[in-house]
Amino acid sequence: MARPTGHSGNRQSLLQAPTSRRSLLAGVAALGTLGATGCSRVATASTTEGGDLLDRLRAAGVVRLGIAGEIPFGYIDRDGRLTGEAPELGRAVFKRLGVDRVQPVPTEFGSLIPGLNSQQFDVVAAGMYVNPDRCEQVIFADPDYQMLDAFIVRKGNPKGLHDYRDVVAKKARFATGTGYAEIQYAVDAGYPQDDILIVPDQVAGLNAVEAGRVDVFAGTALTAREVVRKSAKAEATKPFAPLVDGRPHVDGGAFAFRPTETRLRDAFSAELRALKKSGELLRILRPFGFTRAEMTDLTAKELCGG
């Protein structure tokens with residue numbers, strides 16, 4: 001989802017695993033079981049113009065999806081079933097393309113692009129944000145959702161934190177997730193990178209806010225509003241657009257493909273456009289907390305900077 005590549009700095013993490021993380025941890029544990037069949041590499045890349053992966057996937061009847069075990073974007077549920085925004089959309093699109101089965105290949109988020117380009121799976125299905133750095137390594141379908149940021153704060157938002165400039169001005173104790181794009185947004189606003197507390201995910205971020213270890217956790221508007229639903233101590237702020245080069249920026253998440261596989265990417269994008277036009281896309285994504293506000297006409301070209 002919100003995670004970029006290439007950000008360094010203090011990578012602190014919370015070592016304890018609170019019981020409120022049980023649903024996430026159950027999914028991660030299940031990944032190890034289901035992922036065992038997905039460890040072998042896929043066939044080597046095609047030299048055919050535009051790639052022949054789509055033909056090979058149709059012949060095999062299965063496509064391997066690289067996922068990162070992140071709720072609600074792509075994960076294994078308590079029943080051991082692959083689900084999430086991206087896998088469910090992937091099922092629908094690939095079925096329309098003549099590929100009936102999807103198979104998860106779990107990995108760390110930071111290993112998704114390397115894993116894709118080293119043939120460990122066929123496509124990244126993890127709600128990955130499209131940005132210029134990533135566009136130099138992979139090709140993207142057009143985004144299937146757009147996303148603003150939001151903060152998790154104590155009830156009543158006692159420090160009055162509404163954007164990254166507030167965090168800097170009020171010297172708030174700030175946390176965000178491992179590899180999240182929010183790291184760079186905070187740094188760009190003037191927050192010292194070495195002072196950022198890095199936690200594993202939004203559940204750990206909620207726990208840090210509730211326990212008073214930090215004043216604010218930054219994540220996507222979707223994950224923030226979903227994770228605080230049952231919290232008696234924390235709330236999500238109103239969604240906002242972070243500033244990039246001084247202008248409000250809206251992120252978009254999409255499926256990623258190897259640069260040689262333009263034919264598969266284009267076929268995927270065509271089916272995605274049809275799902276958007278019919279309203280079927282929102283129906284697929286709604287169970288994972290997505291609303292009309294997250295539907296988008298953004299293009300990969302726009303987000304890649306070209």
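**Entry 1. Contacts along the chain**

I looked up how far apart in sequence the contacting residues are. Among contacts between residues at least 6 apart in sequence, 75% join residues at least 24 apart. I note that this is a predicted model. I then listed the elements of the protein chain and found 12 helices and 15 strands. I also looked up burial: of the 306 residues in the protein chain, 53% are buried.

**Entry 2. Nonpolar cores**

I looked for the nonpolar cores next. The largest has 72 residues. The residues with the most contacts inside this core are L65, L89, F94, F151, I152 and F174. A second, separate core has 18 residues, including L112, I113, A300 and L303. In soluble globular proteins, nonpolar side chains tend to be buried together.

**Entry 3. Helix α8**

I asked myself how many residues of helix α8 are buried. In this helix, residues 202–210, I found 8 of the 9 buried, so α8 is largely enclosed by the rest of the structure. I wrote down the buried ones: Q202, V203, A204, G205, L206, N207, A208 and V209. They pack against strands β8 (149–154), β10 (197–199), β11 (216–220) and β12 (234–236), and against helix α9 (221–227).

I checked both ends of α8. D201 caps the N-terminal end, with a side-chain oxygen 2.9 Å from the backbone nitrogen of V203. After the helix comes G212, whose phi is positive, near 80°.

N207 and K233 are 26 residues apart along the chain, and I found 9.7 Å between their C-alpha atoms.

**Entry 4. V227**

I turned to V227, a residue of helix α9. V227 is buried, with a relative accessible area of 17%. Leaving out residues up to four places away in sequence, I found that V227 touches I152, Q202, V203 and L206. Of these, I152 is on the list of residues with the most contacts inside the largest nonpolar core, while Q202, V203 and L206 are buried residues of α8. V227 and L206 are 21 residues apart in sequence, and their C-alpha atoms are 7.3 Å apart in space.

Two packed helices are described by the angle between their axes and the distance between the axes. I looked up both values for two pairs that include α10.

For helix α2 (residues 53–60) and helix α10 (residues 262–278), the angle is about 70° and the axes are 7 Å apart. α2 and α10 are therefore roughly perpendicular to each other. On the α2 side I listed L53, L54, D55, L57 and R58, which meet R263, L264 and A267 in α10.

For helix α3 (residues 85–96) and α10, the axes come within 10 Å and cross at roughly 110°. Angles of 65 to 115 degrees count as roughly perpendicular, so the pair of α3 and α10 is described that way too. The contact is made by L89, V93, F94 and R96 of α3, with L264, F268, E271, L272, A274 and L275 on the α10 side. L264 is also among the α10 residues that meet α2.

I also checked E261, in the loop between β15 (251–257) and α10. Is E261 buried or exposed? At 1% relative accessibility, E261 counts as buried. A polar atom of the E261 side chain lies 3.3 Å from the backbone nitrogen of L53.

**Entry 5. The disulfide**

I searched for disulfides and the count came to 1 disulfide. It joins C135 to C304, with 1.9 Å from S to S. The angle about the S-S bond is -70°, and the link is left-handed. C135 lies in helix α5 (residues 132–135) and C304 in helix α12 (residues 300–304), so the pair ties together parts that are 169 residues apart in sequence. C304 has 27% relative accessibility and counts as partly exposed.

**Entry 6. Backbone exceptions**

Most residues other than glycine have a negative phi, and most peptide bonds are trans. I looked for departures from this.

- A cis peptide bond joins I71 and P72, with omega about 5°. P72 lies in the loop between β1 (62–67) and β2 (75–76).
- Q119 has a positive phi, near 75°. Q119 is in the loop between α4 (112–117) and β5 (123–129), and at 12% relative accessibility Q119 counts as buried.
- K171 has a positive phi, near 50°. K171 is in the loop between α6 (164–169) and β9 (174–177), and at 73% relative accessibility K171 counts as exposed.

Notes:
Residues numbered from 1 in each chain as written. Heavy atoms only, no water. Core = buried A, V, L, I, M, F, W, Y, C linked by side-chain atoms within 4.5 Å. Buried < 20%, exposed > 50% of the residue type's maximum accessible area, 1.4 Å probe, protein only. Helix = DSSP H or I, 4+ residues; strand = E, 2+ residues; numbered from the N terminus. Contact = heavy atoms within 4.5 Å. Polar contact = N/O pair within 3.5 Å; in protein donor to acceptor, adjacent residues only side chain to side chain. Disulfide = S-S within 2.5 Å. Axes fitted to C-alpha atoms, helices over the stretch in contact; angles between N-to-C directions. Parallel < 35°, antiparallel > 145°, perpendicular 65-115°, else oblique.
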